[in-house]
Amino acid sequence: MTRFDRIGSFIEANEPELPDWLRSIEEKAIADEVPIIRKETAGLLRFIIRTAGPERILEVGTATGFSALLMWHFSGGMVRIDTIEKYDKRIEEARVNLSANAGDSIRLYEGDAADILPTLSEQYDMIFMDAAKGQYLSFLPGVLRLLKCGGILLTDNVLQEGDVMESRYAVCRRDRTIHSRMRDYIYELMHSDELESVILSGADGMILSYKIRK
Ligand SMILES: C[S@@+](CC[C@H](N)C(=O)[O-])C[C@H]1O[C@@H](n2cnc3c(N)ncnc32)[C@H](O)[C@@H]1O
């Protein structure tokens with residue numbers, strides 16, 4: 001185990017326990033190899049929910065509903081979440097998990113975020129971007145349109161296991177497009193006049209952005 005892995009395990013061991021129903025959704029996702037948030041991302045979501053208290057959240061990338069339910073849980077059931085998923089098999093499982101545990105507080109949009117984002121008109125206090133990494137850049141204008149001034153955008157998996165910091169020639173050919181798109185996305189967030197952003201190296205790398213009030 002590397003020092004980096006040990007730091008992750010230590011942070012994980014200090015996170016508050018999840019209720020059994022939520023832990024079993026997490027464990028099933030892990031057993032089924034569904035990619036869900038790591039403990040450090042969960043910790044940051046918990047912190048944002050508990051401190052900033054967003055009332056309306058949009059999540060891009062539901063998988064089976066674990067992170068949406070985690071945010072809902074840490075809000076004490078107060079938050080309303082819209083979440084988007086395009087993969088049929090995950091949609092079915094997410095629908096069951098979300099309605100069984102959060103009733104109608106979490107709305108599942110079924111389809112491609114590229115098609116759904118332009119149809120949304122509400123303003124969100126927080127947006128959690130956790131879908132296909134190669135599409136973040138193309139989602140960004142739609143996401144910024146939906147984010148309130150003073151709102152938070154959290155983007156997960158920006159470091160791509162460290163690949164993103166390597167030269168494009170050091171990553172395998174099939175990953176080069178996603179590598180350059182992620183670099184462009186990071187550049188956009190870090191240089192946008194609309195956002196104040198910080199890169200966090202925990203988990204698989206996250207960017208926390210704040211939409212500047214005009
Ligand atoms: C990393 S997983 C989300 C994990 C989830 N947020 C959690 O932690 O419980 C990313 C999900 O985004 C979905 N996805 C990828 N591209 C998408 C798109 N263009 N529109 C909607 N969903 C997408 C994938 O099918 C996958 O289930």
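Let's start with helix α5 (residues 88-102), which lies across β2 and β3 and runs at about 165 degrees to β3. Helices here are DSSP runs of H or I with at least four residues, strands are runs of E with at least two, and both are numbered from the N terminus. Angles run from 0 to 180 degrees between N-to-C directions, with axes fitted as lines to C-alpha atoms, for helices over the stretch in contact. Do keep in mind that this is a predicted model, where local features need pLDDT of at least 70 and side-chain atom pairs count only at pLDDT 80 or more, while totals for chains, interfaces and linings use all residues. Residues are numbered from 1 along each chain as its sequence is written, and side-chain values use heavy atoms, leaving out hydrogens and water.

Now for the sheet. Seven strands form an open sheet with mixed pairing, in the order β3-β2-β1-β4-β5-β7-β6; two strands pair if DSSP finds at least two bridges between them. At the edges are β3 (106-110) and β6 (195-200), each pairing on one side only. From one strand to the next, the twist averages 15 degrees. Strand β2 (residues 80-85) pairs with β3 in the parallel sense over five bridges, and Glu85 stands opposite Glu110 in β3. Helix α4 (residues 66-74) also packs on the sheet, touching β1 (56-60), β2, β3 and β4 (124-129), where contact means heavy atoms within 4.5 Å. The direction of α4 makes about 165 degrees with that of β1.

The rings of Trp21 and Trp72 have centres 6.4 Å apart and planes at 70 degrees, so they count as edge-to-face. Rings of Phe, Tyr and Trp (its six-membered ring) pair if their centres lie within 6.5 Å; planes under 30 degrees apart are stacked, over 60 edge-to-face and the rest tilted.

On to the pockets. The largest has a volume of about 640 Å³ and is lined by 34 residues, with Pro35, Asp130, Ala131, Ala132 and Lys133 nearest its centre. On a 1 Å grid over the protein atoms alone, a pocket is an open set of points where a 1.4 Å probe fits, with protein on both sides within 12 Å along at least five of seven lines; lining residues have an atom within 4 Å of a point. Grid points are joined across faces, edges and corners, and the volume is the space filled by probe spheres set on them.

The second largest pocket has a volume of about 530 Å³. Its lining has 25 residues, of which Gly8, Arg38, Lys39, Glu40 and Ala203 lie nearest the centre.
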